[in-house]
Amino acid sequence: MAQQEFVQLLEGLLQPDTERVKSATSTLNKNYYTSPESLSALLQIISSHPRPELRQLAAVEARKLVDRHWANIPADQKPALRNQLFQATLNEDVKLTRHSASHVIASIAALDFEDGEWADLPGFLQQAATSATARHREVGIYIIFTVLESVGDSFPGEISDLYKLFSQTIRDPESAEVRATTMLALSRLAMLLDPEEDPKSLKMFVETVPSMVAVLEAAIKEEDEDHAMQAFEVFQTLLGCEAALLSAHFADLVKFMINIASETSIDDDFRSQALAFLMQCVRYRKLKVQGLKIGEELTVKALQIVTELGDLSSEDEDITPARSALGLLDILASSLPPSQVVIPLLKAIGPYFASQNPDFRQAGILALGMCVEGAPDFIATQLHEILPMVLHLLEDHELKVRAAALNGIARLADDLAEDVGQEHARLIPAITKNFDLAVNSLQTSNDERNLQIVTGSCHAIDSLIEGLEPEEAAKYVSELVPRFSNLFHHQDFKCKAAAIGAVGSIASAAEKAFLPYLEQTMHSLSTFVTIKESQDDLDLRGVVCDAMGKMASAVGAEAFEPYVRPLMEASEEALHLDHPRLRETSYILWSTMAKVYEEGFAKYLEGAVKGLQDCLDQDETELEVQLGEEAHDLVGTEVNLQGRKVKVVDGGDDDEGDETEMWEDEDDIDDITGVTAVAMEKEIAAEVFGDIITHTRRAYLPYLEATVKTLLELVEHSYEGIRKAAIGTLFRTYACLWGMAEGSGMEKWRPGFPLMVQPNSELQKLGNVVIKATMGVWQDEMDRGTVTDINRDLAATLKLCGPAILMTEEGNVLVDVTQTLLNIITKSHPCQQDFGDEAYEEILEESSEYDWLVVETALDVVTCLSVALGPSFNELWKMFEKPVMKYASSNDATERAAAVGTIAECVGNMEHECTPFTPTLLKLLLHRLSDEDADTKSNAVYGMGLLCEKTTNDGEILNSIGAIFNKLEPLLGADQPRLLDNTAGCVSRLIAKYPSKIPIGEVLPRLVQLLPLREDYEENKPIFGMIVKLYQANEPTVQQLTPTLMPIFEKVLSPPEEQLEDETRSQLVELVKYIQSQ
């Protein structure tokens, strides 16, 4: 090989001449790198060339060639090459070159160890890592780290020897680099460690954790950014490993990170990293954090940090401790029970709201807003105290506080639209006042704070108005639409987009009351439907299409017809403008149009189906492109090519970064799958398929088979959003086909197994694949949101379509369904465990609202199983009874109410087969008739009525009839409509079942005073059924009450129609005719 030319070519790669670099690269690839001699030559250059930059380049190139050529280098040359490379690396002065050469050693070692060669390397590394010379220790430990990266647990020798070595090097008295690199090496061992199989290594690892903390602490104290960031990355990585690695020191580690995050004298980047670690702790070690009861401390400290937000620009997207603290509050509220987060927060923010410091007032309302999504049910109970404070902040003299208050209203209304909407008469005028003041100020000064008030007002109205009834929203149309319409052509993009979005929501809420403004609004917005000159244009186009979709839903098919075709054409064009958000907008628009036009949407189906199918067919593999030197500034960023995010990488040296960059790029993401823009787009598309299928019905049948095939392929996608959407759409498709089959004459399903009504072959085939796909995900799913949605899907389908969905070709899946439900109800399902941990040893009594939702929706499935199985459900109730009754005795009112409601529904659906459970259920329901919680009490009353009606164990009921009426009598004066309705239903069932045992003369007049029912119309069936029976029996009391009852009959026979079922209505009509004929 021409050694001199080879070196010259390598030197050519270092020149700032693009053409020369291309030429040299081509020549090297064609003439040199095809030969093993090139690798030998590169190793020689690493070992002996005087220019450090050439040694560095040679190391980079050599690493690429090791796998291809090392095996073909003559065996007698290898010992010298190894020795020269090792010694040169040990004595290399330039850090970057040392590290690149170390990676070459690791690549060679990976091959040699497989062949039983280079057996003396571990010994050399041990000597280097314990050398008296700091430089040698740094190189030795770094090579060990790189070799561990390459060979994992194939590293020769005893793993315990490495732990012993690392226990020394982690405390190196002289070199921070040795200490930090040891942490990196320990993290590699952590990834390989199985605590159950290797308890000895676990013990040795756990012993190093305090020293790791000391390394981080020292790096922070010395403001050593590189090594501190490395240490933070290691701790983040350890959270993704087996829980036992950090378990013993977890509490101390969390408190250490809290202290770093809270200390304002520490660099902001370090504080933000500590907060990021705490967020991951709550996400992956939720049960551990909850068990330590440190949620309150985390909440209060995070709130304090938020006060540092100051006057940062909304355009400033830098990560700061204050922004990170808001993110931590969000995760805390959704992961931990209210007692540890929301309750302490509400106690703490009172003084913040009253503070003289505007930073504190701003922090209080922003923190509250971040917690709403995680605990909406609890916050709903506190709105009577929260909203007056928010209204007060809307009048604050500081603009930034008012902007924060508007943000708080928007967040409250996003999750509590109806509750917050009840205060519209106070909130909307206050928001409008802020809007007007800011708009007037903008005429003289286009300052950012006033723009924030304008956009914040629009966002607040946008969220709030959707919680109003149409007649309430209609009052504000003439007041708000002209105001916001004036901003449609404002120069500020965010302001313009917020105003357009708000008008869309006003239309959606006000419905037909928006009609007078439709034509003018559509005309004003029409210019935005086709704009595409800039990114802002495309973003705005998406907002406009969303708003127009809401207007279509509001005004209906006929009024919107003139605008449909151009809007549909624009939406199809939007698919080809390389803008994922705009494509999602098109899909959502199609969903809306399908809902509005139903089978009339058929003429657009071909284009819509193709667009959605193309979306789901997109490749999600991350692309990397290599660009020339002129695009060097783009390296490491993402660019958009044909609507896909593509990572730009350097075409040359893949080692041209320090070890921190390599750690970030290679190591800490091994087991983490990011969510791509394409994946999020697919989630929307899969959901929209469900909307279109449901509303276009028969018109969709030609496309159905292909769509189902595509959805089935997505059921086990790595992104949980796609899994949820695909399964949800499959269930909706099944329900839609079932409805069409019943509409075409298929007999209505009847409860129980074996099936009493056989669905047609298409339904059987679809049901088979849907339930199999669902069970494949549901049983082992780690994401709680996905499990919650599957619970909802299955419950709704069982209720609508009966037990046929549980059938497969091999039989029914009842055993697996029951076991999965029991796992969820007893909090032992995989989605209820901490990441990387076996089942938590202690089942915690309290749950976050999100965690409870998984259980609550599982109870809904139990209820719907009882609907689908009818009396035969009694066999399953034997398994569900104990865990459900445990919740019925919970300290938490929400849990008690849900469990008692489940019991009541199951009793009703089991009918006479509830008899064996009568003593146990009677005792529980009797106790809950005095529950302090109105919902629990109401459900208990309902359940008691059903139990008395359905059981054949009359002796048990009659023995307790006095106790039952003693509990029911105080409820007759309650002020909760649902409780009164259920009490009336319960008493009616008792009279109907035991007319001779009940003092009808005393009871019936009190019962009639509760009529007509105000809320729970379902109870009209037993009430009027009982009254009809009494008339048929010529019972004297009911005869005497006829003048009182006739106006009641008239009211329930009048609208709303849902007051009475058809059968009850017919009975009542006949009764009225009979009475009138007398």
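Visitor: Is Ile 409 buried or exposed?
Guide: In this predicted model, Ile 409 has a relative accessibility of 0%, and because buried means under 20%, Ile 409 counts as buried.

Visitor: Which helix is that in, and what does Ile 409 touch?
Guide: Ile 409 sits in helix H23, which runs over residues 399-415. Once neighbours within four places in sequence are set aside, Ile 409 is in contact with Val 390, Leu 394, Leu 427, Ile 431 and Ala 460.

Visitor: How far is Ala 460 from Ile 409, in sequence and in space?
Guide: The two are 51 residues apart in sequence, while their C-alpha atoms are 5.8 Å apart in space.

Visitor: Switching to helix packing, how do H10 and H12 sit against each other?
Guide: Helix H10 (residues 176-192) and helix H12 (residues 225-239) pack with their axes 10 Å apart and at an angle of about 15°. Since angles under 35 degrees count as roughly parallel, H10 is roughly parallel to H12, and their crossing is left-handed.

Visitor: Who makes the contact there, and what classes are they?
Guide: On the H10 side the residues include Ala 176, Met 183, Leu 184 and Met 191, and on the H12 side they include His 227, Val 234, Phe 235 and Leu 238. By class, the contact of H10 with H12 has 10 nonpolar, 4 polar and 1 charged residues.

Visitor: And what about H43 and H45, at what angle do they cross?
Guide: The axes of helix H43 (residues 893-910) and helix H45 (residues 934-950) cross at roughly 15° and come within 8 Å, and H43 and H45 are therefore roughly parallel to each other. The crossing of H43 and H45 is left-handed.

Visitor: Which residues are involved, and how do they divide by class?
Guide: Among them are Arg 896, Val 900, Gly 901 and Glu 905 of H43, together with Asp 935, Tyr 942, Gly 943 and Lys 950 of H45. The contact of H43 with H45 divides into 9 nonpolar, 5 polar and 4 charged residues.

Visitor: Last one, where is His 69, and what does it touch?
Guide: His 69 lies in helix H4, residues 52-69, and counts as buried because its relative accessibility is 3%. Not counting residues up to four places away in sequence, His 69 touches Tyr 33, Thr 34, Ser 35, Pro 36, Ser 38 and Leu 39.

Notes
Residues numbered from 1 in each chain as written. Predicted model: local features only at pLDDT ≥ 70, side-chain atom pairs only at ≥ 80, totals over all residues. Heavy atoms only, no water. Helix = DSSP H or I, 4+ residues; strand = E, 2+ residues; numbered from the N terminus. Buried < 20%, exposed > 50% of the residue type's maximum accessible area, 1.4 Å probe, protein only. Contact = heavy atoms within 4.5 Å. Axes fitted to C-alpha atoms, helices over the stretch in contact; angles between N-to-C directions. Parallel < 35°, antiparallel > 145°, perpendicular 65-115°, else oblique. Left-handed = near helix turned anticlockwise from the far one by under 90°. Nonpolar A, V, L, I, M, F, W, Y, C, P; charged D, E, K, R; others polar.
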